[in-house]
Amino acid sequence: MDKFRALWLMNHNTLRAFEVPMLLDMGYEVYCPKMFPYDEGNLSASVDFQYDDSLTIPREVIEKLNAINFYQAVPQDIIELLNQYFDIAFFGFFPEQLKMLVEGFKGILVMQPFGLSNGVTYTGVIRDSLGIAFLDKMEKLGERFFFAQSYENIAEIEYRFFKNRSIYLPLGLKDAYVKNEWAGGENKILFVCPRINTSPYFNNIYTTFKENFKGFEYIIGGAQPIDVADDKNVAGFIPKEQYDYNMKHLDVMFYHSREKRHLHYHPLEAVKSGMPLIYMSGGLLEEIAGKKLIGSCETIKEARKKIKRIMRGDKRFINQIKQEQAILLKPFSYEFCRKIWDRELKKIEELIEKNRSGQIAQKGVHKIGVLLPEAYTGGVLDYTLRFMKSIIRGLKEDHKEDVEIIFGHLDHENFKDGDCFSKIKEANIQIRSFKWKLVDNNYLNNIMELKGWFKEYQPGQYCIPDDGANYFEDCDYLVFIIDRVPTKLFTTKPYVVVVHDYIQRYLPEQYGAFYEECVINLQRESEGVIVMTQPTLEDGIQYAGLKKEKLYLTPLMFDEIKLEEKIINKNKDEYFVWSPNIGRHKNHLRA
């Protein structure tokens, strides 16, 4: 059997030094990315080329991958290379990277959550950053997705799918044993607090620490994108030599966190060096220890008292702390982690084999609902037919993908005789009518509670396309063929919107502010907006406030129009086709 080939799409220094060599020991080939966004989420990041040597793939492919930022959308040709050469992807939690992998990678996805602040869930962050429809997309991955929690309590507060797909892949630390390098002698507290002037969260931690430890000398480590110029005790980023010196010679480290599902590396590094660690109780360190250690403190008063004893040189007390705290390293040791990783990866490797042989169905978009939310019987309906035929031709004929189209139309007297749908019936497209169901926020909050998606909607009125069955929930994807909705839309499905024009920008008196708000909200909550002219695209950016990447400029489709021979034979510069109605905005008089 060939080796399993893994994408390890993280750049964290300490984590890479442990996990990648362990995967190599387990027989994997491993690719590590060579680019990362230089932002506050990557202050402990770097690149490392040495693991390229583990790969048995063409050198030119490796060089192509090395030029890619895997924390954002990735070109389709690169996605194809990932699917050709790799079986599994290990990745942290960066929403755009998650989106790229869920939508493009066909191997096994192993998301490694390292824990968030108390009260914050991965479900909630994904929902708010990528939309509730993305949660639905992830569920369609089924057994190809794993929620590989770094601590055993992370999944317990997440939604159903993450709980069901959770496994335990413990976080490790290279050389996780006590080295007894600490000597002490400098009566200072070592405290780590990065991003003081750029993060309100860390600024609050910094301010609280200074208030709580008045009268003590201290050094504050951690990278500072903006210098803390008014505090000489904030060291900022320091070379490794100085970092190691501080660990060996400062008297004590204080760790503030009471987070139950997240832990920083620096308290563990203090324990490694043999430095006494004083920390607040109730957090993850206490759960790891399994009991209250002597270095654990219920109150700041207790922490100050214990730090004073260490600074006074109370050797018996210091030795007690050092002996007890060694237990904190055990769950991060190679022996502990390797045993669990071996067990859990055996399950994953069975799925890799199934996936290689095609036994796991790749669930893409199979059923698309194309919704006409107003009772248009003219040009928009004609465009709808051409649009649906284009989808069928593009997916079924060109890409050999199975696709089923559901045409959803507003239940309206304009459509009672059904004659206007004759061409749609001829194309063997299913037809389904719907009404706009108006609901309040309490109705939606109940849906979110039942799904476990933890979202609360603001008071107000919302609309749902009610097809008399399940609100088009049987569809994998929705297309709103125009951007007209009676109020703010609610759907759990991913969708795109076709925008023919931004008429309300130019004739605001005909529509009003509420209509404008609903239409713009529909577009902003969508996965994409399809336009047909460059001016409309520019309106989307300037007026609707959409990102350029969200707008798709497509050509007008005229393949259904049959021109008379005498027109076709004329000089093409003498004629053009214009098919307006009598609306004021068509500008007949000006034309």
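**Notebook: aromatic rings and their contacts**

I looked up the aromatic pairs and found that the structure holds 33 of them. I note that the model is a predicted one.

Entry on F93 and Y122. I examined the geometry of this pair: the ring centres lie 4.9 Å apart and the planes stand at 85°, so I recorded the pair as edge-to-face. I then asked where the two residues lie in the chain. F93 belongs to the loop between β3 (88-91) and α4 (95-104), whereas Y122 is part of helix α5 (residues 122-130), so the pair ties together parts that are 29 residues apart in sequence. I also checked accessibility, with under 20% as the limit for buried. F93 has a relative accessibility of 17% and therefore counts as buried. Y122, at 3% relative accessibility, counts as buried.

Entry on Y511 and Y515. I found these two in a stacked aromatic pair, with 4.9 Å from centre to centre and 25° between the planes. Y511 is partly exposed, its relative accessible area being 27%. For Y515 I noted 15% relative accessibility, which counts as buried.

Entry on charges over rings. I looked up K34 and found its charged end over the ring of F49, at 5.4 Å from the ring's centre. I next turned to R165, which lies over the face of F146, 4.6 Å from the ring centre.

Key
Residues numbered from 1 in each chain as written. Predicted model: local features only at pLDDT ≥ 70, side-chain atom pairs only at ≥ 80, totals over all residues. Heavy atoms only, no water. Phe/Tyr/Trp six-rings, centres within 6.5 Å; stacked < 30°, edge-to-face > 60°. Helix = DSSP H or I, 4+ residues; strand = E, 2+ residues; numbered from the N terminus. Buried < 20%, exposed > 50% of the residue type's maximum accessible area, 1.4 Å probe, protein only. Lys NZ or Arg CZ within 6 Å of the ring centre and 35° of its normal.
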